[in-house]
Amino acid sequence: MSPSAVLPETTGGLANAAMKHTIARTAPSLKSATNGTYSSLAELDAGKLTYTRNLNPKSVPEPDSPEVWSQSVCSDHMITCNWTSAAGWHAPRLQPYGPLSLMPTASVLHYATECFEGMKVYRGFDGRLRLFRPDCNARRMLRSATRIALPAFIPEEFEKLVMALVSVDGEKWLPKSRPGSFLYIRPTMIGTGEALGVQRPKEALFYVMLCCFPPFDDPRGTITADPTHTTDAGIPAAPTRKPGLRLLASKDDMVRAWPGGFGYAKVGANYGPSLIAQGEARERGYDQILWLLGKDSEITEAGASNFFVVWRSREGQLQLVTAPLGDKVILEGITRRSVLELVRERLGEELECIERKFTMNDLLLAIEEGRLIEAFSSGTAFFISPISEIHYRAKDLDIPLENGVSGKYAALIKSWLKNIMYGKEDHEWGVVVEEKSLED
């Protein structure tokens with residue numbers, strides 16, 4: 001693997017050097033990124049995985065049930081793997097899902113040494129289980145981990161461990177009787193070293209779990225449930241819905257990420273500070289924050305998703321526009337990448353793909369001049385979600401929805417991706433996972 005597959009192109013100086021040194025110490029097999037420096041520490045090895053069956057399995061909730069909407073019900077098993085600075089990666093374990101044990105001085109509890117990935121496993125209409133571009137998630141997590149001084153790993157071993165968990169729990173938690181359904185996958189790495197000094201953690205834990213998630217990309221749109229509206233069991237009730245997502249534009253007092261920062265890494269420190277704004281947006285009836293940056297109100301992301309607009313330039317060219325990755329403000333979403341690649345391949349002569357900075361003023365002009373066609377967000381949780389409204393500077397900006405629930409291009413792109421994810425189209429991005437029983 002080349003350094004460019006691990007490090008963002010514009011990373012330089014201390015960050016670049018530190019990330020390369022972390023790789024050299026903890027994943028020496030990534031030789032091209034280590035400048036020939038090697039380590040004797042054990043590397044992550046999925047071939048050493050041990051299996052322990054859960055003897056107290058849980059029941060699978062019904063689709064769209066309050067339990068699913070709680071986003072807290074996980075499958076019967078999880079993957080865990082410890083790392084220490086003295087020995088490297090230990091043997092990974094597939095074990096019953098359950099609590100973690102941490103010392104109060106653990107690095108993650110004080111210095112935000114935590115990163116994660118967002119993935120899904122899909123039950124295809126052909127009855128098979130699939131992951132979507134897991135290699136991209138593996139490389140992105142490697143980049144995130146090394147950015148916050150957590151150990152590196154061989155991306156292929158990450159993929160194998162995710163597949164091992166999916167193969168064991170997929171049959172029960174995504175039954176063949178529910179084609180077109182999915183589970184959310186959350187690989188996570190945390191610093192567990194028990195020392196309060198501000199330093200690289202000397203211990204870490206990598207773990208993977210599967211969680212029941214609702215379909216946030218419903219074409220009717222989604223408004224989060226009133227937290228006071230619960231079932232008799234005290235579980236949040238499913239939200240009411242309306243067409244498209246409603247976004248509340250951020251103000252000057254808060255930004256999600258900034259040039260030269262770590263917005264490009266999927267680390268918890270990018271998300272915690274944004275929750276107060278997200279909560280306020282939902283209190284006001286909006287789904288997400290549209291994150292703006294700088295005095296020009298540069299458009300960056302929609303909540304935790306990438307943001308796209310389709311408009312005609314003043315010269316009449318139909319364009320798909322999204323923010324660029326170069327200044328490290330934007331997270332390189334797997335869905336974002338796939339949208340751009342598919343549109344360039346399949347609509348290249350009709351729709352020009354542009355990655356560039358653009359502002360709210362650009363968007364306002366496009367609306368005023370009748371050039372805005374549609375807008376949508378892309379991500380793992382919200383998938384492809386049409387935007388119906390943006391609130392900016394005391395004004396509600398209506399965004400076109402061609403058929404009342406979605407724009408033309410959002411619907412088309414979404415159909416392409418779903419066909420790959422659920423096996424209707426045979427494509428290299430849809431990686432089949434064979435199912436395994438622990439009773440075999």
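Which residues of α1 are buried? In this predicted model, local features need pLDDT of at least 70 and side-chain atom pairs count only at pLDDT 80 or more, while totals for chains, interfaces and linings use all residues. Residues are numbered from 1 along each chain as its sequence is written, and side-chain values use heavy atoms, with hydrogens and water left out.

Helix α1 spans residues 13–26; helices are DSSP runs of H or I with at least four residues, strands are runs of E with at least two, and both are numbered from the N terminus. The 14 residues of α1 reach 20 Å from the first C-alpha to the last, close to the 20 Å expected at 1.5 Å a residue, where the expected span is 1.5 Å times one less than the number of residues. Its buried residues are Asn16, Met19, Thr22, Ile23, Ala24 and Thr26 (buried is under 20% relative accessible area, exposed over 50%, partly exposed in between, with a 1.4 Å probe and protein chains only). An α-helix has 3.6 residues a turn, so residues three or four places apart point the same way. The cover over the buried residues of α1 includes β2 (77–84), β3 (88–89) and α4 (134–147).

Of its 14 residues, 12 are buried, so α4 is largely enclosed by the rest of the structure. Among these buried residues are Pro134, Cys136, Arg139, Arg140 and Arg143. Ala149, which has a positive phi near 65°, follows α4.

Elsewhere, Leu196 lies in the loop between β8 (182–191) and β9 (203–211). Leu196 counts as partly exposed because its relative accessibility is 48%.

How values were computed. Contact means heavy atoms within 4.5 Å.
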